[in-house]
Amino acid sequence: MENAFAPISEACVKALSDKTYDKRKMAALEIEKMVTDFNAKKNMTQVKRIIDVLSKDFVRSNDLNKKKGGLIALAATSIALGKETERFIEDIVNPILNCLIDSDMRVRYFASESLYNVVKVSRGSVLPFFPSLFNALSRLVIDPDQNIKNGSEILDRLLKDIVIESSQTFDLDAFIPLVRERIMVKSSFARQFIISWISVLNAVPEINMVMYLPEILHGLFQMLEDPLPEIQRMCESLLAQFLKIIKADPGAADIPKMTNVLIVQAQSNNTLIQFYAINWIKEFVQLYRGEILQFASGIFTAILPCLAFESDAKKSIKDCANAVNLHLLELVSGVGEDKQRNLSFLELNSVMEVLRQYLVHSPVPTKIAVLKWVHHLFTEVHDEMSEHANKLFPVLLRDCLSDSSDEVVLQAIVVLAEIVNSATVQGNYYYKPQYRTFLGELLSLFSDNNAFLEKRGTLIIRQLCRLLNAEYIYRTFAEILLREPTGLATTMVRTLNMILLTTSDLFDLRNMLRDIRNQQSASLFDCLYRCWAHCPVSTLSLCLLAQCYQHALEIVNLFASMEITVDFLVEVDKMVQLIESPIFTSLRLTLITHSNENADAQHLSRALYGILMLLPQTEAFHLLNNRLQCVPNYWGQPNKISNSKSSIQSQGKVKFDDLFTYFKEMQEIIHQKRVEKRKKNQF
């Protein structure tokens, strides 16, 4: 009967199927000798027959020993063929590859050993099968058997050497999908395998891995979270290599795709991933300058929360985010054509949408950074920003001004002032609509929250006066408050009056009020007076500031017919304290001046004595009494002042008779409301 395994002898077949390794090895050596002879005689038909027998009857057999023998024999066949293996490479490699996924551990081991020997002999001729080889290796590196893992490492190194040798013909387009499919693996061994391959190929000058980087960048960053420090170090090193290449040749990289990946990674909960992502963004900002502004909204989403990091572990992330923020600010602040080019990349609508979101429910450092950006944009691109003012106003007023941080409040006022002050309108110089709208909203906010007014009112108004025209602020407040309920008006007047009499930033405004002989000053005094009439003591202090001492005396005399409450006396007490402050230095000097035929000195002296008589004998009483003891006694002098036209008040352009009538009417209204309130409380 003819031998079914010919040209392999029955004895060789039996030995090749034996359960002992040595017999199988001897049979494989016999086959190697046969193939060597056939190869020398160019009898490739018999060689093909041997390969077919080994593949079909041994390697694909269900008998494990036959599989193992067949695998050894195929490797021996390849060794015997040498370079001629290329002619049979598919028939040899494919059966071996199938055994690499066998359920038997020893079969997998022999398959990996056999494949190594075949690849070693055939070298470049196996590259058409590279995807299959790569797939096989990716499984071997995570095999539970350590011997198989060790064998896979040897095969892996060999295959890398072959790829490097054939780098000019290596199909990179086929390799990248293989990496992309596996780059999100969680196994540390698999990650090490992927990183090593990318690193090896990236180091080959003829291979440009940077052009494929956007496809694998996300996976590389995810590998930074691996629990093994060695994997982290490998990944860090690879990312550093890529960044070095990009910095050397910025045009070689696809920045848009990579920047989008980095923005996502920069929001990771893993500190290492977050740091490297933001660091890459920082490098991209420096490399690509204005072009990077097209990603500003995404970059803000990534870096703004990082500005609030406080722990030492995240300090490097915060510093890096700060650097990115500063670089972006510089790009928007350019000059000339560079600035215009940079701004052409800025998508303002999306940027403002992100910035508005971070103005609410964000940590203080983030809010401050956002407010500085908004102010910066209003400064640099005011015309484009004007359409965003209406959307910003509610957030700035209702959220930022109510923030618990003074720094946020002050910065919000800077932005609001910039919006108000830079708006362009036509019409009366003193009645700019943007002032009225803004201050009206602010008063509404104070009205809704009295505690807010008491806690932040002074801070906000002082900052506004520092940034905007103080005269406009006071005029507009006074005009609006004339139509407000008495309660809010009284509280606001006290606040505004105290700021007026104590803040160094209002020095010019006080000087203006001291000279009512000037039409503009007289107009301002008249405006403030009608509002200040809601609070009698504030009205009196306004008259003292404006050197309207005769009218001040009239108001003091009127106090005798008014209801004197505890709150009233407390206000008088505070006013006496203020008279001793530097603000009222000129008032104190007036007491001893001989100017204006002593008219101002006499009116002032009598007004102050009237105030003294109103006070109970408290500390304020003694303070004012001591002051008055230091001035000349005008009481014994002829009473010439009643018809005198020499006082500052008499030279002014204010109609005091009309104002006094208004003042008395207002006090009557206040008194009636107080009576009505008491009646309601009784029931």
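Reader: Which helices do the buried residues of H34 pack against?

Author: Happy to start there, keeping in mind that this is a predicted model. Helix H34 covers residues 619-628, and its buried residues are Ala 620, Phe 621, Leu 624 and Leu 628. They lie on the same side of H34, because they cover an arc of only 100° around the axis. The partners these buried residues pack against are helix H31 (566-579) and helix H33 (599-614).

Reader: What radius of gyration does the protein chain have, next to a compact globule of 683 residues?

Author: Let's begin with the outline: along its principal axes, the C-alpha trace spans about 155 × 60 × 40 Å. A compact globule of 683 residues would have a radius of gyration near 26 Å, whereas the value for this chain is 45 Å.

Reader: What share of the contacts with a separation of 6 or more comes from residues 24 or more positions apart?

Author: Some background on burial first: of the 683 residues in the protein chain, buried ones make up 53%. Among the contacts with a separation of 6 or more, the share from residues 24 or more positions apart is 73%.

Reader: Is Leu 304 buried or exposed?

Author: Leu 304 sits in the loop between helix H15 (296-303) and helix H16 (315-332). Leaving aside neighbours within four places in sequence, Leu 304 touches Leu 355, Tyr 358, Thr 366, Ala 369 and Val 370. Its relative accessible area is 0%, so Leu 304 is buried.

Reader: And is Thr 45 buried or exposed?

Author: Thr 45 belongs to helix H3, which runs over residues 44-59. The cut-off for exposed is over 50% relative accessible area. Thr 45 has 60% relative accessibility, so Thr 45 counts as exposed.

Reader: How far apart in space are Thr 45 and Gln 340, C-alpha to C-alpha?

Author: For another pair, Leu 304 and Ala 15 are 289 residues apart in sequence and 73 Å apart in space, C-alpha to C-alpha. Thr 45 and Gln 340 are 295 residues apart in sequence, and their C-alpha to C-alpha distance in space is 75 Å.

Reader: What phi does Arg 289 have?

Author: Most residues other than glycine have a negative phi. Arg 289 lies in the loop between helix H14 (271-288) and H15, and at 43% relative accessibility it counts as partly exposed. Although Arg 289 is not a glycine, its phi is positive, at about 45°.

Reader: Where is His 361, and what phi does it have?

Author: His 361 is in the loop between helix H18 (348-358) and helix H19 (364-380). With a relative accessibility of 79%, His 361 counts as exposed. His 361 is not a glycine, yet its phi is positive, at about 55°.

Reader: How far apart do the centres of the positive and negative side chains lie?

Author: The protein chain exposes about 31,200 Å², with carbon and sulfur atoms supplying 50% of that area. As for charge, there are 73 positive and 77 negative side chains, and the centres of the two sets are separated by 2 Å.

Key: Residues are numbered from 1 along each chain as its sequence is written. This is a predicted model: local features need pLDDT of at least 70, side-chain atom pairs count only at pLDDT 80 or more; totals for chains, interfaces and linings use all residues. Side-chain values use heavy atoms; hydrogens and water are left out. The radius of gyration is taken over C-alpha atoms; the globule rule is 2.2 Å times the number of residues to the power 0.38. Buried means under 20% relative accessible area, exposed over 50%, partly exposed in between (1.4 Å probe, protein chains only). Contact means heavy atoms within 4.5 Å. Accessible areas come from the Shrake-Rupley method with a 1.4 Å probe; for residues, only the protein chains shown count as cover. Lys and Arg count as positive and Asp and Glu as negative; His and the chain ends are not counted. The place of a charge is taken as NZ of Lys, CZ of Arg, CG of Asp or CD of Glu. Helices (H or I, at least four residues) and strands (E, at least two) are DSSP runs, numbered from the N terminus. The arc is that of the directions from the helix axis to the C-beta atoms.
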